Amino acid sequence: MFKNLFFSAVLFLLQAAAAYAQPFDLPPAHEIWDNKPAPNRGSDYGQVVSRGYPFDADWESHSYPIGNGYMGASIFGRTDVERIQIAEKTMGIAAPYGSGGITGLSELYLDFHHYNPEHYKRALHLNDAIMHVEYRHNGVKYSREYFASYPHNVMAVKLSADKNGSISFTLRGENPHLRGINEMNARTGEIRTKDGLMVLSGTVPPLSLNYETQVKVIPEGGQLFSADDNSQSGIRVENANSVVILIAAGTNFELSSHIYLEKALDKKLNPKKFPHDAVSKRMETAAMLGFEQLRKVHTADYQKIFDRTAIHLSAEIPQLPTSTLLENYKKGNTHPYLEELMFYFGRYLLISSSRKGTLPANLQGVWTHYAVTPWSGGYWHNINVQMNYWGAFSANMAETFIPYLEYFQAYLPQARKVATDFIRKYNPQHLNQDENANGWAIGTGANAYSIPSPGGHSGPGTGGFTTKLLWDYYEFTKDTHFLRTIAYPALFEMGVFLSKTLVPSENGVLLVSPSASPEIRVRDSLGRFSGDYYVTIGTTFDQAFVWETYNDLLKAATILQKEDPFLNVVKKQITQLDPIKIGASGQIKEFREENSYGEIGDPRHRHISHLCALYPGTLINASRPDWMQAARFVLDQRGNKTTGWALMHRMNTRARLKDAEQAWEAYSVLIKERTLPNLWATHPPFQIDANLGLVAGVAEMLLQSHENYIEILPALPAAWKTGNFQGLVARGNFEVSAQWQNSMLSMVTVISNMGGICSIRLDHEKVGLIKDTAGNKVEFTEYENNIVRFHTIAGGNYSIEFVR
């Protein structure tokens with residue numbers, strides 16, 4: 001894997017920053033649970049999606065996910081034949097939308113033949129990332145635990161019973177999708193069993209990818225039988241007291257620049273390298289440690305991130321299965337506990353799918369059963385991958401973004417070539433013959449094995465959309481080493497590239513050319529949409545991300561005291577972009593040639609790319625109320641009849657506008673119309689971006705900091721009139737906790753991880769006293785617009801008391 005000492009330092013700082021006093025009690029443990037197993041009717045049941053690829057509705061809607069960043073498993077919790085479906089992020093195939101789409105890795109089945117169980121419950125505990133199954137059968141209580149350990153990169157399952165000698169089952173394995181859907185994504189596979197160890201391995205020839213899954217069965221008591229190689233009978237356990245099952249997997253994928261620079265699919269990986277030794281070593285280590293120690297290390301590792309943040313929006317926890325609670329919500333019986341639970345589930349999913357040393361969370365996080373995952377299961381840079389990480393910063397999980405930083409540094413050399421090719425093709429007058437001097441660029445449909453060029457349905461602003469993540473990482477952590485070594489160079493080179501896309505118009509405005517607002521299609525005179533995308537110059541999406549990149553670059557240069565002739569170019573050009581235009585309908589224009597709203601493209605389109613300047617950007621802000629109102633008009637017209645992730649962009653933009661009820665409405669529509677019984681959100685089909693985007697949305701409704709001050713409860717809806725939150729992060733690396741009753745703040749504490757001046761806007765409360773942890777009075781100053789400022793020291797903990 002790509003190595004960089006910087007990331008170790010970042011991780012140390014983040015872990016150190018997490019050690020703070022907790023001003024409020026944590027809410028009770030959160031769990032997703034049901035009183036019946038997941039159905040398992042197979043991939044032929046349900047519907048067909050993604051160009052006709054088989055779709056397993058039960059997997060998508062009812063299985064519960066566990067993961068450790070490297071791999072994920074979908075657990076069905078069945079008592080007759082348990083199904084554990086396994087995915088691994090680097091398990092690639094030749095697929096649509098570029099090479100290297102992900103695919104399901106392995107299937108495991110445990111034949112228990114326990115029919116008609118009593119007192120059944122399966123539950124995914126979000127507070128410790130452990131799934132449980134419990135039931136009674138023939139007078140015996142059976143229990144199972146499942147978790148995926150990041151520190152040891154293994155999955156562990158423990159089967160227990162309250163009566164010795166009661167556990168008997170057969171373990172069967174399957175290498176799925178051997179035929180693929182065509183010869184380009186077919187693969188080989190074999191199964192070997194010996195001494196309680198099952199090895200499922202094979203090759204994906206078009207990618208020279210070798211894969212392996214190992215499953216080790218360790219019974220306590222009873223008898224163990226292993227079948228012959230490639231036998232369907234697998235491994236048999238009879239009359240055991242308890243059984244531990246360990247699962248480890250891997251491929252010969254190694255993250256490096258070579259993968260992206262090499263064009264030939266079969267030369268990206270070394271076909272002579274096999275994962276067997278590495279997987280075996282992990283398996284041996286896990287077996288030696290034992291289940292209890294694995295669980296202890298797993299829990300401590302997971303909770304050091306998960307426990308930093310808590311929200312409490314409901315005083316009542318309904319005693320209903322989660323699927324029933326969701327059904328009731330869909331019928332109009334909305335409940336803030338489910339909205340709270342979805343926030344916790346989103347944080348769980350990001351921690352479980354994005355950890356240092358793994359690939360970033362993709363469109364499905366780390367979970368897929370498909371032969372060819374919809375949209376390749378890749379990294380879509382016109383909003384989806386960015387949305388995956390919006391909540392990482394504000395919801396106190398910044399280290400989950402490190403996988404993207406590792407991925408970014410690996411693809412950067414190819415991204416420079418992409419930029420050079422783009423400028424050579426479209427703006428050769430700006431080309432520097434040194435291919436490393438034209439900046440870097442990235443298009444939409446990237447994946448683990450390739451990155452594309454901008455163009456087609458999305459303009460070059462996709463690169464600026466990406467550098468906004470890097471700037472936000474700095475703003476929330478205040479890590480100047482990261483700024484100096486990663487973010488500033490990335491912003492500088494992106495600025496270089498974007499400057500070369502600009503051409504002067506007749507009135508002197510600099511416009512991006514060519515330019516496209518993501519996925520907007522041409523409409524003919526009869527109002528029908530063609531297959532062609534609308535390509536023009538100077539879309540708001542592209543213009544705004546040039547502005548955002550330039551603005552962030554100039555701020556970074558000031559912090560680092562950088563001087564460069566190009567910075568003078570940026571200072572001049574940022575005043576010539578004219579990025580926001582208001583049309584005749586009172587709307588933010590998506591296209592400069594647009595007059596009234598809806599003249600071009602679909603007026604109800606899922607993308608609201610011209611509002612990226614509002615969120616995650618900062619160009620549209622409270623200093624321009626006319627722009628805020630024009631953005632509000634666009635959201636009113638676009639409506640909420642849309643995809644899951646698009647609802648979450650609407651939620652976040654509404655929060656920025658401080659439209660509390662409309663932000664909550666977008667969230668509520670997601671739950672009612674785009675959430676499945678296992679709480680996965682759907683495009684459809686399942687995509688993880690909405691689950692992760694809602695984390696940012698909830699945080700944005702409770703805490704904002706993009707206008708150089710912290711604002712607490714800026715978009716609090718009536719449904720959340722009483723509650724508290726702990727450990728949300730504001731820019732400047734301030735951890736904020738708050739409690740409120742009847743929509744009025746009653747308590748606020750601030751932990752200053754990096755020191756500096758803390759500015760807080762309080763429109764409805766008057767500060768009476770600020771104290772540090774020693775109880776000493778802290779001086780503060782009141783400014784206009786109800787802003788209070790006070791000095792902090794690194795590690796300081798400050799409580800704010802209000803005048804009543």
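In which sense, left-handed or right-handed, does α12 pass α13 in their crossing?

## Helices α12 and α13

The crossing of α12 past α13 is left-handed, a term used where the near helix is turned anticlockwise from the far one by less than a right angle, right-handed being the clockwise case. On the α12 side the contact (heavy atoms within 4.5 Å) is made by Tyr550, Leu553, Leu554 and Ala557, and on the α13 side by Phe566, Leu567, Val570, Lys571 and Gln573. These residues divide into seven nonpolar, one polar and one charged. Here Ala, Val, Leu, Ile, Met, Phe, Trp, Tyr, Cys and Pro count as nonpolar, Asp, Glu, Lys and Arg as charged, and the others, Gly among them, as polar.

Helix α12 covers residues 540-560 and helix α13 residues 565-573; their axes come within 10 Å and cross at roughly 135 degrees. The two helices are therefore oblique to each other. Angles under 35 degrees count as roughly parallel, over 145 as roughly antiparallel, 65 to 115 as roughly perpendicular and the rest as oblique.

## Basis of the model

The model is predicted: local features need pLDDT of at least 70 and side-chain atom pairs count only at pLDDT 80 or more, while totals for chains, interfaces and linings use all residues. Residues are numbered from 1 along each chain as its sequence is written, and side-chain values use heavy atoms, with hydrogens and water left out.

## Helices α7 and α16

Helix α7 (residues 336-353) packs against helix α16 (residues 660-673) at an angle of about 80 degrees, with the axes 11 Å apart. α7 and α16 are therefore roughly perpendicular to each other. From α7, Leu338, Glu339, Met342 and Phe343 meet Trp664, Tyr667, Leu670 and Ile671 of α16. This contact comprises seven nonpolar residues, no polar and one charged.

## The loop at Gly222

Gly222 lies in the loop between β15 (209-220) and β16 (223-226). Apart from neighbours within four places in sequence, Gly222 is in contact with Glu238, Asn239 and Ala240. The C-alpha atoms of Gly222 and Ser623 are separated by 72 Å, the two residues being 401 apart along the chain.

## The whole protein

The C-alpha atoms of the protein fill a box of roughly 80 × 65 × 55 Å along the principal axes. Of its 804 residues, 64% are buried, that is, under 20% relative accessible area with a 1.4 Å probe and protein chains only, against over 50% for exposed and partly exposed in between.

Note on methods. Axes fitted to C-alpha atoms, helices over the stretch in contact; angles between N-to-C directions. Helix = DSSP H or I, 4+ residues; strand = E, 2+ residues; numbered from the N terminus.
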